[in-house]
Amino acid sequence: MTELPWQDQVYAALKRAGVKQLAYVPDAGHARVIEMAHADNDMHAVVCTTEEEGIALSAGAYLGGQRSVLLMQSSGVGNCINMLSLPINCRMPFFTIITMRGEWGEFNPWQVPMGSATEAVLKAAGVHVRRAERADEVVDIVAASATLAFDSHIPVAVLLSQRLIGAKVWTK
Amino acid sequence: MSGGNLDRRAVAAKLVQTADAAPGGPLLVVCGLGSAVYDIGAAGDRPENFYLWGAMGGAAMIGLGLALAQPSRRVLVVTGDGEALMGLGALATVAAMAPANLSIVILDNGQFGETGHQRSHTSLGTDLSVVARGCGWRNVAVVDDMAGVDALAPRLQAEALLAVIRISPAEVPRFLPPRDGAMLTLRLRQAIGVAPD
């Protein structure tokens, strides 16, 4: 029996954690999980125009008794900073999975400044940060981080390294 | 499409009365940062109210998350033109999800009242009702008088409605409802009947 791709296992981990709302600003690295969320009748998949919408959605979900996750890429973290005051002030869980750009074989220089600042910015805003570098650790890190967020009522981000995701290949 | 003549406190009182009298149970009211918080609080604090003292631009999306999580309850977002403008994309996101149990009321006075009465975009050409329609909202109302506010009541209790209510830019006495986010969160969850975790 072949093992499922890690992306499928990440979705299964989110389901086991009880996630019912999945907000996202699309990224190629999240494409499989987004596709699975839309195919799942027991998941609200919410496409956002900007990342901070997903933080506010998560707060509303928690008020109504549901768990949620926000999927974004590192360039979106900068859009989120002030909205992070919401889960922190309200002692709500917040869980996000972030695909990294600008750090491994990056072709696009415009991705580098935010990618370089992502972890420091999140920590400065009060978010607990975990990082997955290898396919064989990502599911455990996602599952443990979801528990940390939901059961300890704190904001937690999992960074999926660009080496894990695969650098975007550009052709002319 | 800037501010109008309506007394914002009279409008808020009617909205809270509408929320309390809803046939399906009290509406869950999310109040956007700024004067909408003071207005709804002044109409009488209630556990179903969630006041935002920050997170500007987040009110509509909090309403969406709550509405999706609680499909048997009805949610009302009350906010101002400035807060709605900061989260303009949320009007598209909410419309895309089209929850049947969420309405949004924008109290439009055409200015940023909290920060020195600078004119907002609704005084400079933006019509939020047209924006909402463009985002895909099917039920949109613009209200200029109290009869119109009264007529909104049954719609806010039953439809997925976005209403722009044109209120006077006149200042009213400040009223400060609770601002402890953790308390407001716990209180609302208890009012809904969500088990503690």
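A residue is called buried if 20 or more other C-beta atoms lie within 10 Å of its own, exposed if 12 or fewer do, and partly exposed in between, with C-beta atoms placed from the backbone. With that in hand, look at helix α5 of chain A: A:G115, A:T118 and A:L122 are buried in it.

Before going on, the conventions. This is a predicted model, in which local features need pLDDT of at least 70, side-chain atom pairs count only at pLDDT 80 or more, and totals for chains, interfaces and linings use all residues. Residues are numbered from 1 along each chain as its sequence is written, while chains are lettered from A and ligands numbered from 1 in the order in which they are written.

Helices (H or I, at least four residues) and strands (E, at least two) are DSSP runs, numbered from the N terminus. Two residues are in contact if their C-beta atoms, placed from the backbone, lie within 7 Å.

Back to α5(A). The helix covers residues 112–124, which is 13 residues, and runs 19 Å from its first C-alpha to its last. That is close to the expected 18 Å, where the expected span is 1.5 Å times one less than the number of residues. There is a bend of about 50 degrees at A:T118; the bend is the angle between axes fitted to the seven residues ending at a residue and the seven starting there. Remember that A:T118 is also one of the buried residues of this helix. An α-helix has 3.6 residues a turn, so residues three or four places apart point the same way. What covers the buried residues of α5(A)? The cover includes strands β4 (94–99), β5 (128–132) and β6 (155–160) of chain A. Just after the helix, A:G126 has a positive phi of about 95 degrees.

Now chain A as a whole. It has 7 helices and 6 strands, in the sequence order α-β-α-β-α-β-α-β-α-β-α-β-α. The C-alpha trace spans about 45 × 45 × 25 Å along its principal axes, and 48% of the residues of chain A count as buried. Of the contacts in chain A between residues at least 6 apart in sequence, 76% join residues at least 24 apart.

Chain B has 8 helices and 8 strands. Here too the radius of gyration is 15 Å, close to the 16 Å given by the rule for 197 residues, so chain B is as compact as a globular protein of that length. Its buried residues make up 51% of the chain. One of them is B:A84, buried with 31 other C-beta atoms within 10 Å. B:A84 sits in helix α4 (residues 81–86) of chain B and, leaving aside neighbours within four places in sequence, is in contact with B:T79, B:I106 and B:L128.

Next, where the chains meet. How many residues does each chain give to the contact? Chain B gives 27 residues, and chain A gives 27 residues. On the side of chain B that touches chain A, the largest share, 8 residues, comes from α3(B). From chain A, consider A:G64, in the loop between α3 (51–63) and β3 (67–73). Is A:G64 buried or exposed? It has 24 C-beta neighbours inside 10 Å, so A:G64 counts as buried. Beyond four places in sequence, A:G64 touches B:G65, B:L66, B:A69, B:Q70, B:I192 and B:V194.

In soluble globular proteins, nonpolar side chains tend to be buried together. A nonpolar core here is a set of buried Ala, Val, Leu, Ile, Met, Phe, Trp, Tyr and Cys residues joined through C-beta atoms within 7 Å. The largest one has 114 residues, and those with the most contacts inside it are B:C31, B:V78, B:V105 and B:I165. Helix α3(B) gives the largest share of this core, 9 residues.

Most residues other than glycine have a negative phi. A:H153 has a positive phi, near 55 degrees, and B:H117 has one of about 60 degrees. A:H153 is in the loop between α6 (135–152) and β6 of chain A, and B:H117 is in the loop between β5 (111–112) and β6 (118–119) of chain B. With 17 C-beta neighbours inside 10 Å, A:H153 counts as partly exposed; B:H117, with 13, counts as partly exposed.

Conventions. The radius of gyration is taken over C-alpha atoms; the globule rule is 2.2 Å times the number of residues to the power 0.38.
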